[in-house]
Amino acid sequence: MRIAVTGSIATDHLMTFPGRFADQLVADQLHTVSLSFLVDTLNVRRGGVAANICFGMGQLGTAPILVGAAGADFDEYRAWLDRHGVDTDSVRISEVLHTARFVCTTDADHNQIGSFYTGAMSEARLIELKSVADRVGGLDLALIGADDPEAMLRHTEECRSRNIPFAADFSQQIARMSGDEIRILLDGATYLFSNEYEKGLIESKTGWNNDEILARVGHRITTLGARGVRIERVGDDPIEVGCPQEEAKVDPTGVGDAFRAGFLSGLSWGVDLERAAQVGCMLATLVIETLGTQEYTLRRAHFMDRFTKAYGEDAGTEVKTHLA
């Protein structure tokens, strides 16, 4: 399968302040705050939902096509993704804006002060999926991930008009979207991804209950945190898949992106939905054990040992043929 993953491309700049923000605030001067914090650490992490998903798919060998917008400062990030099996030739490079970035400082009490710069992401609305499809010989599926809202709407409408199957995945953008926008983005999707909280928010904002949404999408895929994932289809019993045993719980950031990477890779291999979800849960487990969304290493033998232990010999034998 040729799978295009659209969405954000960003870097995270994460800093640690050893004191407490609260100790630096003067109650009667909050209207004129002017503060600078001397930080102890700086971690620069590669991120963005589309890039995270593509990195995971590349680790599994399924050659994803990254579709998004970045700045002229993208060269090093591009080289990293290229080395890990991602097709980056459809990334739009802005002539005037930097790649999106999140800058955040965390204090000793785990309070945070952060800013998100959208930058080149705003130009994602200028990308046409037809040019991507023409370059790679057609698209079998496009995942519409969190991105510039206008880009998400454009990509969805283009998928409908060009008969490209698509997966709707609002994630971080759902909070700012109206019910009307969400209805447009999910109607006719082959797959609808969300976590359990987002599932309720989608229903609240659209005014559609679960059955009404299922009537408009092929499959509804809801991640359930430590409990795994549930896949629903009209007329079929739900499929529920649990998570493998964690070796450590380091950082949950990027776990949902890793699940999508594994699930989409399973679809690309042609395995059934349950097996694809198992691959997704295994990859997500590797991410939660690692600090950073693209810092894990997929060692085939280690992956297969843990996968087989979690899901059985038959599952391991089937997946091993695709990872070999």
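Reply: Let us begin with a pair of strands. E2 and strand E3 (residues 41-47) pair in the antiparallel sense over seven bridges; strands (E, at least two residues) and helices (H or I, at least four) are DSSP runs numbered from the N terminus, and two strands pair if DSSP finds at least two bridges between them. This is a predicted model, in which local features need pLDDT of at least 70 and side-chain atom pairs count only at pLDDT 80 or more, while totals for chains, interfaces and linings use all residues. Residues are numbered from 1 along each chain as its sequence is written, and side-chain values use heavy atoms, with hydrogens and water left out.

Me: In E3, which residue is the bridge partner of Met15?
Reply: The strands E2 and E3 pair in the antiparallel sense. Within that pairing, the bridge partner of Met15 in E3 is Leu42.

Me: Which residue in E7 does Leu14 stand opposite?
Reply: E2 also pairs with E7, in the parallel sense and over seven bridges. In E7, the residue opposite Leu14 is Cys104.

Me: How many of the seven residues of strand E2 are buried?
Reply: A residue is called buried under 20% relative accessible area, exposed over 50% and partly exposed in between (1.4 Å probe, protein chains only). Strand E2 spans residues 10-16 and is largely enclosed by the rest of the structure, because the number of its seven residues that are buried is five.

Me: How many residues apart are Asp73 and Arg101?
Reply: Asp73 forms a salt bridge with Arg101, with the closest N and O atoms 2.6 Å apart. Asp73 is in the loop between strand E5 (69-70) and helix H2 (75-83), whereas Arg101 is in strand E7 (residues 100-106), so the pair links distant parts of the chain, and their separation in residues is 28.

Me: Is Asp89 buried or exposed?
Reply: Asp89 forms a salt bridge with Arg135, the closest N and O atoms being 3.8 Å apart. The pair ties together parts that are 46 residues apart in sequence, because Asp89 lies in the loop between H2 and strand E6 (92-93) and Arg135 in helix H3 (residues 129-136). Arg135 is partly exposed at 36%. With a relative accessibility of 57%, Asp89 counts as exposed.

Me: What is the relative accessible area of Glu289?
Reply: The side chains of Glu289 and Arg306 meet in a salt bridge of 2.7 Å, N to O. Arg306 lies in helix H10 (residues 300-311) and Glu289 in the loop between helix H9 (273-288) and H10, so the pair ties together parts 17 residues apart in sequence. Arg306 is buried at 11% relative accessibility. Glu289 is buried too, because its relative accessible area is 16%.

How values were computed: Salt bridge = Lys/Arg side-chain N within 4 Å of Asp/Glu carboxyl O.
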